[in-house]
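Here is a short briefing on one protein chain. Look at the sequence and the 3D view first, then read the points below.

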Amino acid sequence: MTVEATTERVLRLLALLQRRPSWTAAELAVELGVTGRCVRRDVQRLRTLGYPVHAVSGVGGGYQLGAGTRLPPLLLDDEEAIATAVSLRLASGGTVAGAGEAALRALAKLDQVMPSRLRAEVRAVHGATDTLIGPVAEIDAELLVTLARACRDGVRVRFDYPGRGAGGQQRTVEPIRMVTTGRRWYLMAWDVDRDDWRTFRLDRMRAAVPTTWRFRAREHPDPVAFVQRAVTGAPYRYLARVRVHAPAAQLRVVVPPQVGRVEDDRDGWSVLVLGGDSLDWLAAHLARLSYEVEVLEPAELREAAGRLARRLAALAGATSEPDTR
């Protein structure tokens, strides 16, 4: 067998090991069309090149690709290459500081080796797509890594966080989970000093460092639901609860999770909870919904809706043309 054929087979073996966590020797032999002895030789060739291929014990035996000291070349099929390239283009406008430049560098490397037929497909998708991005808060990538490791390892984190008054306050927390709404990142954690669960915006954290104090995770609420409750209610002066004549699944399509919290009700109705600093703004926002709405609380929201209705009626009376039909 030629050197070229052996090299091609070894690369195919590397691609297979990257595709799923583990393979038996027999499965690899079938995929490669060779004997089990040949598979063992090719595995040894990969190890010689520095790739950590581990033997898996158990019935039938097998192999898996482990983490090494360097990143092995990723061998992608057509669909994986297109999905990766499109994702990198979208990531170039993301919320993680520095990720845009890193995504562009990775995209340039991928574009350099991508076959022309795939490159044309990726550019067609990109050329036909626009991304609507409003103001976003950039997050330091090192902060994400610090918090992710702390969540994984159960280690307390200390950081400065702005309080209601001037200056910042040092907080010590037991981090559980990070949640992103697409515009902002939040951390749900147990606040050690306040002895309660809290939500923290990552873009407001300063000088975050892990401590040596390990903690055992206590029972906690669902992080996504907890952060959504905090985001849609806590920061605002008013918190409104209304019944909407629409199923919860249908209402969630038009109400983003960072805007309002949708709860199931009965008989085809849902309960929508959302916050705002102005009752007039809340009334106008609810009026835009194409469903019947019933105000539960606060009562002042009904008065704001009445004011809005009178203004709209006056506007319609002043600008509408007589109906001659």
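Residues 24 or more positions apart account for 56% of the contacts in the protein chain with a separation of 6 or more. Contact here means heavy atoms within 4.5 Å. This is a predicted model: local features need pLDDT of at least 70, side-chain atom pairs count only at pLDDT 80 or more, and totals for chains, interfaces and linings use all residues. Residues are numbered from 1 along each chain as its sequence is written, and side-chain values use heavy atoms, with hydrogens and water left out.

**The chain overall**

- The secondary structure comes to eleven helices and 13 strands. These are DSSP runs, numbered from the N terminus: helices are H or I with at least four residues, strands are E with at least two.
- Of the 325 residues in the chain, 32% are buried. Buried means under 20% relative accessible area, exposed means over 50%, and partly exposed is in between (1.4 Å probe, protein chains only).

**Helices H4 and H6**

- H4 covers residues 78–91 and H6 covers residues 116–127. Their axes come within 10 Å and cross at roughly 40 degrees. Axes are lines fitted to C-alpha atoms, for helices over the stretch in contact, and angles run from 0 to 180 degrees between N-to-C directions.
- H4 and H6 are therefore oblique to each other. Angles under 35 degrees count as roughly parallel, over 145 as roughly antiparallel, 65 to 115 as roughly perpendicular, and the rest as oblique.
- On the H4 side, the contact residues include Asp78, Ile82 and Arg89. On the H6 side, they include Arg117, Leu118 and His126.
- The residues of this contact divide into seven nonpolar, one polar and five charged. Ala, Val, Leu, Ile, Met, Phe, Trp, Tyr, Cys and Pro count as nonpolar, Asp, Glu, Lys and Arg as charged, and the others, Gly among them, as polar.

- Pro115 lies in the loop between helix H5 (99–113) and H6. Its relative accessibility is 36%, so Pro115 counts as partly exposed.
- Pro115 and Asp78 are 37 residues apart in sequence, and their C-alpha atoms are 9.3 Å apart in space.

**Leu286 in H10**

- Leu286 lies in helix H10 (residues 279–287). With a relative accessible area of 8%, Leu286 is buried.
- Leaving aside neighbours within four places in sequence, Leu286 is in contact with Val242, Leu272, Leu274, Val293 and Leu301.
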